[in-house]
Amino acid sequence: DLTVISAVEHPALPKKPFTGRHLIDGGWRDSLDGATFVRRSPAHGTLASVSAKGGADDVEAAVAAARRRFDDGRWSFTSGKQRAALLTRVAELIDRELERIALLETLESGKPISQARAEIEGAADLWRYAAALARTIHGDSHNSLGPDMLGFVLKEPVGVVSIVTPWNFPFLIVSQKLPFALAAGCTAVIKPSELTPSTTVILGELLLEAGLPDGVVNIVLGYGKPVGAVMTTHADVDMVSFTGSTAVGKTIVASAAASLKKVSLELGGKNPQVLFPDADLDSAIDAIVFGVYFNAGECCNSGSRIIVHKDIAEEVIERVVELSKKVPFGDPLHPDTKVGAIISPEHCRKIDGYVKTAAKDGAEIRLGGGELAVPGLPGQFYQPTVVANVTGVMSVAREEVFGPVLSVLTFDTLDEALILANASSYGLSAGVWSESVHTCLEFARRARAGTIWTNTWMDGFAELPFGGFKESGQGRELGRYGLEEFLEVKTLQMRL
Ligand code: NAD
């Protein structure tokens, strides 16, 4: 009784896999040793891309190009006006290439084409927003330091930035970082995930078309080791901007410590939503269902655990289960599909492991709880899954499942709800549903998370900073804060 969308014919499917090469110093290159790797569509099984497989030597060349270009000032000393014009041009080119980028993103990640399009539109908005910020870089001045002294605080680009991104929103996440780094005047080396390398390569093409000087942005394709590891430890790299798992984030911090690089991290989440009895349940249930199945739950902001007041728990579970059955799961190329494939068979088994363990530990599987067969597609899908009777100690309530699995916990008092909400090593986002402004604000002040949503979930704005408390990361992206991450402060004292 789930809503499953079978395989569709897609007339625009590319006849050949996308070919990705490294972008180093303005030129497209194969790996020095000629190695490649492939990516198959996780839904369709077809060959989506063949990419150059980078090694330490490729990273060396890319870092050297970024370092030379930064040090010669050809990008870092351009005016904000020039940088803004280039970033705006990139946004226009992203608009032009939207369909091509969205299709490739869907083929490599398995996400629904409609959501891939929305992601690319959102990314173009970030390039435009960062373009506006490029003209607002300023520090301040002090004229109260005595009669013969002036002080200036200058904001300067941090330098060469290594950008390492995950597979779940590849084009959006690189666009949360790169345009802000470029607006600040930095140069960059980027490594997209080995599972979704190709849309970052298209971005590289668009940057060159827009007229970005050679070497400002370099892209090396390949795996965490050696490519990511060399990029994040290299002596000529000033800063690492990483989005991915908390486990890899910790290794990056540890290895970057040797050269005291600045490190900005966007990591995992186990995000609670608390529902009080006076909540507008129609809105809350729509948002919960959207928040847990969006991107098949493979989302750092997944609203993967709800903490519901005991008086409304049964009603909420029943309504969430009924609505979940109506969400179209299946072929990501169908325009109506809302939930596509799981990124890999191993990841699908990991999701299932969390659900099976919860059932063994006494949780109640109210919906789903297994792989989903989609007629005509060989790839892996997971059923919409609702797990009730979850307690705070179960792994399904504590760990990032990264699948379409909702855990339901219950509470009696606001204090109890807050203890459950904060009982996590993560602190990315949290939500509260209540018609009482007082309840919402009290929750918002006491919840330990970087973003709090009250009576909404997962809205995103270029203007508002995003980032995590605790093991969800350090630093912020987006907004003015997103620009400041890529700026260094220089103090200038001038005796008159
Ligand atoms: P991952 O940590 O496995 O990989 C992320 C990137 O790091 C990939 O490009 C990978 O090749 C690279 N990498 C792996 N080992 C490395 C190493 N030793 N040194 C340097 N780089 C290395 O994460 P993933 O599976 O691609 O993505 C899922 C994770 O990302 C989830 O935990 C999710 O919550 C998180 N995420 C967070 C945000 C956020 O904004 N907070 C957004 C999206 C995803």
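**Hairpin, strands and cores**

Reader: What do β5 and β6 form, and which residue in the turn has a positive phi?

Author: They form a hairpin, with six residues between the two strands. Gly45 sits in that turn, with a positive phi of about 80°. Keep in mind that this is a predicted model.

Reader: How do you know that β5 and β6 pair, and in which sense do they run?

Author: Count the bridges: five of them join β5 (residues 36-40) to β6. Pairing takes at least two bridges, so with five bridges these strands count as paired. They run antiparallel. One place to look is Thr36, which stands opposite Ala52 in β6.

Reader: OK, zooming out. How many helices and strands are there in the protein?

Author: There are 15 helices and 27 strands.

Reader: And why is the protein called as compact as a globular protein of that length?

Author: Because its radius of gyration is 23 Å, close to the 23 Å that the globule rule gives for 496 residues. Along the principal axes, the C-alpha trace spans about 70 × 65 × 40 Å.

Reader: What share of the residues counts as buried?

Author: Of the 496 residues, 53% do. To make that list, a residue needs 20 or more other C-beta atoms within 10 Å of its own.

Reader: What makes the largest nonpolar core, and which residues have the most contacts inside it?

Author: A core is made of buried residues of types such as Ala, Leu and Trp, joined through C-beta atoms within 7 Å. The largest has 84 residues, and those with the most contacts inside it are Leu87, Trp127, Ala130 and Ala188. Helix α4 (residues 113-133) gives the most to this core, with eleven residues. Leaving out residues up to four places away in sequence, Ala130 touches Leu87, Pro179, Phe180 and Ala183. Another core lies apart from it, with 69 residues, among them Val292, Phe294, Ile317 and Ala363.

Reader: Which stretch does UniProt give as a domain?

Author: The unreviewed UniProt entry places "domain: Aldehyde dehydrogenase" at residues 28-491. Over that stretch the chain is 41% helix and 21% strand, and the end C-alpha atoms are 40 Å apart.

Key:
Residues are numbered from 1 along each chain as its sequence is written. This is a predicted model: local features need pLDDT of at least 70, side-chain atom pairs count only at pLDDT 80 or more; totals for chains, interfaces and linings use all residues. Helices (H or I, at least four residues) and strands (E, at least two) are DSSP runs, numbered from the N terminus. The radius of gyration is taken over C-alpha atoms; the globule rule is 2.2 Å times the number of residues to the power 0.38. A residue is buried if 20 or more other C-beta atoms lie within 10 Å of its own, exposed if 12 or fewer, and partly exposed in between; C-beta atoms are placed from the backbone. UniProt positions are given in the numbering used here, feature names are shortened, and annotations may be inferred rather than shown by experiment. Two residues are in contact if their C-beta atoms, placed from the backbone, lie within 7 Å.
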